Amino acid sequence: MSDGKVKKDATNKEIINMSDAAGYLDRFVGDVSKKSATKQILIGAGSGWATGYVTMKVGKMAAIAVGGGIILLQLANHQGIISIDWNKVQKKVDKVTDKVEEAVTGQGPSWADKAERFVDRKLNQAEDVLNKRTKKAKKWYTNLIGDETGCKVNDLHIFLCAFAAGVAIGVGTA
């Protein structure tokens, strides 16, 4: 026999098996509307419970997969393994938001909405720049005083004190 005929026979057997399963289900459930009210309630409750249970399990798995993926991407970004251009992401999100808003309301975003988003994005960028400069200033200050918890005397401090004392003595004796 040829491979095509073997595959076709296997497919036909699967279809027959599926129709057998449908036949068993049909014999078990049958036409629910012709059964008593008690059986209708039990069949409806059982099928509803089974559907809810399966949906809950699938939903949990999907939420874990999506959430875990987002967390892994954020960790990789934080570690420097990947680099995400957040401005580009934000622009794409804004475009999608505009399309959804237009589809839902029938109108695109107003000029004021676009201006608000633009100003908000620029303020976020300015805040990021200020935070980076604050970190640099804090690092410089920490290096100057010696530690984040307080002043630790180091060679620079001794030199500055000696220099100031020398200047004071020089001015005082002149």
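Trainee: Which residues line the largest pocket?

Mentor: In this predicted model, the lining is W86, N87, V89, Q90, R121, N124, Q125 and D128.

Trainee: What makes a residue such as W86 part of the lining?

Mentor: A lining residue needs an atom within 4 Å of a pocket point. W86 is listed in the lining, so W86 meets that cut-off.

Trainee: Which helices each supply at least two residues of that lining?

Mentor: Helices α3 and α4 (111-145) do. The space in the pocket is about 170 Å³.

Trainee: Why is the contact of D94 and R121 called a salt bridge?

Mentor: The N to O distance is 2.4 Å. The limit is 4 Å, so the pair qualifies. D94 lies in helix α3 and R121 in helix α4, so the bridge ties together parts 27 residues apart in sequence. The structure holds two salt bridges.

Trainee: What makes K88, K91, K92, K95, K99 and K122 a positive patch?

Mentor: Lys counts as positive. Patch members need over 30% relative accessible area and no salt bridge, with like charges joined within 9 Å. These six form a patch, so they pass those tests.

Trainee: Which helix gives the most to the patch?

Mentor: Helix α3 (residues 86-105), with five residues. K91 sits in helix α3.

Key:
Residues are numbered from 1 along each chain as its sequence is written. This is a predicted model: local features need pLDDT of at least 70, side-chain atom pairs count only at pLDDT 80 or more; totals for chains, interfaces and linings use all residues. Side-chain values use heavy atoms; hydrogens and water are left out. Patches are made of residues with over 30% relative accessible area and no salt bridge: like charges are joined within 9 Å, nonpolar side chains (Val, Leu, Ile, Met, Phe, Trp, Tyr) within 5 Å. Accessible areas come from the Shrake-Rupley method with a 1.4 Å probe; for residues, only the protein chains shown count as cover. A salt bridge is a side-chain nitrogen of Lys or Arg within 4 Å of a carboxyl oxygen of Asp or Glu. The place of a charge is taken as NZ of Lys, CZ of Arg, CG of Asp or CD of Glu. Helices (H or I, at least four residues) and strands (E, at least two) are DSSP runs, numbered from the N terminus. On a 1 Å grid over the protein atoms alone, a cavity is a set of points where a 1.4 Å probe fits but cannot get out, and a pocket is an open set with protein on both sides within 12 Å along at least five of seven lines; lining residues have an atom within 4 Å of a point. Grid points are joined across faces, edges and corners, and a volume is the space filled by probe spheres set on the points.
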